[in-house]
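Open the model in your viewer and keep the selection tool at hand. The stops below go from one side chain to the next.

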Amino acid sequence: MAEPVNLNRFRKEKARAEKKARADQNAVKFGRTKAEKDLAQARADKAKRDVDGHKAEE
């Protein structure tokens, strides 16, 4: 006689695999590269320095 299988486990594994595949597709579609993130951070830092440089001392 064959070993009984837990169908819930297989259903959940399939759902996890589909979710992971969808996440990978979204990462490619919407994700930013490390270079893009670094550039955005550098621009934000420069903008903050520029604003701070224009503040009047009291």
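Select D24 to begin: this residue is partly exposed, at 39% relative accessibility. Buried means under 20% relative accessible area, exposed over 50%, and partly exposed in between, with a 1.4 Å probe and protein chains only.

Before moving on, note that this is a predicted model, in which local features need pLDDT of at least 70, side-chain atom pairs count only at pLDDT 80 or more, and totals for chains, interfaces and linings use all residues. Residues are numbered from 1 along each chain as its sequence is written, and side-chain values use heavy atoms, with hydrogens and water left out.

K20 and D24 form a salt bridge, with the closest N and O atoms 3.2 Å apart. A salt bridge here is a side-chain nitrogen of Lys or Arg within 4 Å of a carboxyl oxygen of Asp or Glu. The two residues are four apart in helix α1, so about one helical turn separates K20 from D24. Helices (H or I, at least four residues) and strands (E, at least two) are DSSP runs, numbered from the N terminus.

Show the whole of α1 next. This helix has 24 residues and reaches 34 Å from its first C-alpha to its last, close to the 34 Å expected at 1.5 Å a residue. The expected span is 1.5 Å times one less than the number of residues.

Go to the start of α1 and select N6 and N8. A side-chain oxygen of N6 comes within 3.0 Å of the backbone nitrogen of N8.

Select R9 and F10. The charged end of R9 sits over the ring of F10, 4.9 Å from the ring centre. For this, NZ of Lys or CZ of Arg must be within 6 Å of the ring centre and within 35 degrees of the ring normal.

Move to helix α2 (residues 34-53) and select K48 and D52, which are four residues apart and therefore separated by about one helical turn. Their side chains meet in a salt bridge (3.2 Å, N to O). D52 is partly exposed, with a relative accessible area of 36%, whereas K48 is exposed at 53%.

Salt bridges that share partners join K48, D52 and K55 into one network.

Finish at E3, in the segment before α1 (7-30). E3 is exposed, with a relative accessible area of 70%. Draw a distance from E3 to H54: the two are 75 Å apart in space, C-alpha to C-alpha, and 51 residues apart in sequence.

Technical notes:
A polar contact is a pair of N or O atoms within 3.5 Å; within protein, one must be able to donate a hydrogen and the other to accept it, and residues adjacent in sequence count only if both atoms are side-chain atoms.
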